[in-house]
Amino acid sequence: MIILLTDGVNNSGFVDPMTAVEAALEYGIRVYTIGVGKNGMAPFKMQDFFGNTRFINRKFGRWKIFEKEVAETTGGKIFPGHEQ
C-alpha cells in the first residue's frame, strides 16, 4: 500500500504518474490518494524579465487533479482534501 499526498500536478521527478501506476499494478500495490489544494484555476508564481520569481495574482494556471484515476486504477481509494 502507498499513501499519496498530492496537489494533482506532476511537477517533480522523472517518472510519469501513469508509469508509476503501471508499476504499482504489476507489484499488486494499492495507492490511496489524498488530494490537497484546489481543483481548477489557481494563482501561481512566475519569473519576470529580470529572473526574479514573484507571486502573480493576475495569472492563473489550470491544475489537473489526477488522484482519483491513480487510486481507482490500483484498487485504492481517494480521500479528497480539496474543493471539488
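Select Val 21 and show its contacts: leaving out residues up to four places away in sequence, Val 21 touches Val 70, Thr 73 and Thr 74. The model on screen is a predicted one. In this model, Val 21 is part of helix H1.

The C-alpha atoms of Val 21 and Val 70 lie 6.4 Å apart, although 49 residues separate the two in sequence.

Is Val 21 buried or exposed? Its relative accessible area is 3%, and because the limit for buried is under 20%, Val 21 counts as buried.

Together with Val 21 they form the largest nonpolar core, which has five residues in all.

Stay with Ala 24 for a moment. Not counting residues up to four places away in sequence, Ala 24 touches Ile 29, Val 31 and Thr 74. Thr 74 is also among the residues that Val 21 touches, and Val 31 is a member of the core.

Last stop: the largest pocket, with a volume of about 340 Å³. To find its centre, select Leu 4, Asn 10, Pro 17, Ala 20 and Phe 66, the closest to that centre of the 18 lining residues.

Colour the lining by element and by class. Strand S1 (2-6) and helix H1 (17-26) each contribute at least two residues to the lining. What classes of residue make up the lining of the largest pocket? There are 12 nonpolar, four polar and two charged residues.

Key: Residues are numbered from 1 along each chain as its sequence is written. This is a predicted model: local features need pLDDT of at least 70, side-chain atom pairs count only at pLDDT 80 or more; totals for chains, interfaces and linings use all residues. Side-chain values use heavy atoms; hydrogens and water are left out. On a 1 Å grid over the protein atoms alone, a cavity is a set of points where a 1.4 Å probe fits but cannot get out, and a pocket is an open set with protein on both sides within 12 Å along at least five of seven lines; lining residues have an atom within 4 Å of a point. Grid points are joined across faces, edges and corners, and a volume is the space filled by probe spheres set on the points. Helices (H or I, at least four residues) and strands (E, at least two) are DSSP runs, numbered from the N terminus. Ala, Val, Leu, Ile, Met, Phe, Trp, Tyr, Cys and Pro count as nonpolar, Asp, Glu, Lys and Arg as charged, and the others, Gly among them, as polar. Buried means under 20% relative accessible area, exposed over 50%, partly exposed in between (1.4 Å probe, protein chains only). Contact means heavy atoms within 4.5 Å. A nonpolar core is a set of buried Ala, Val, Leu, Ile, Met, Phe, Trp, Tyr and Cys residues joined through side-chain atoms within 4.5 Å.
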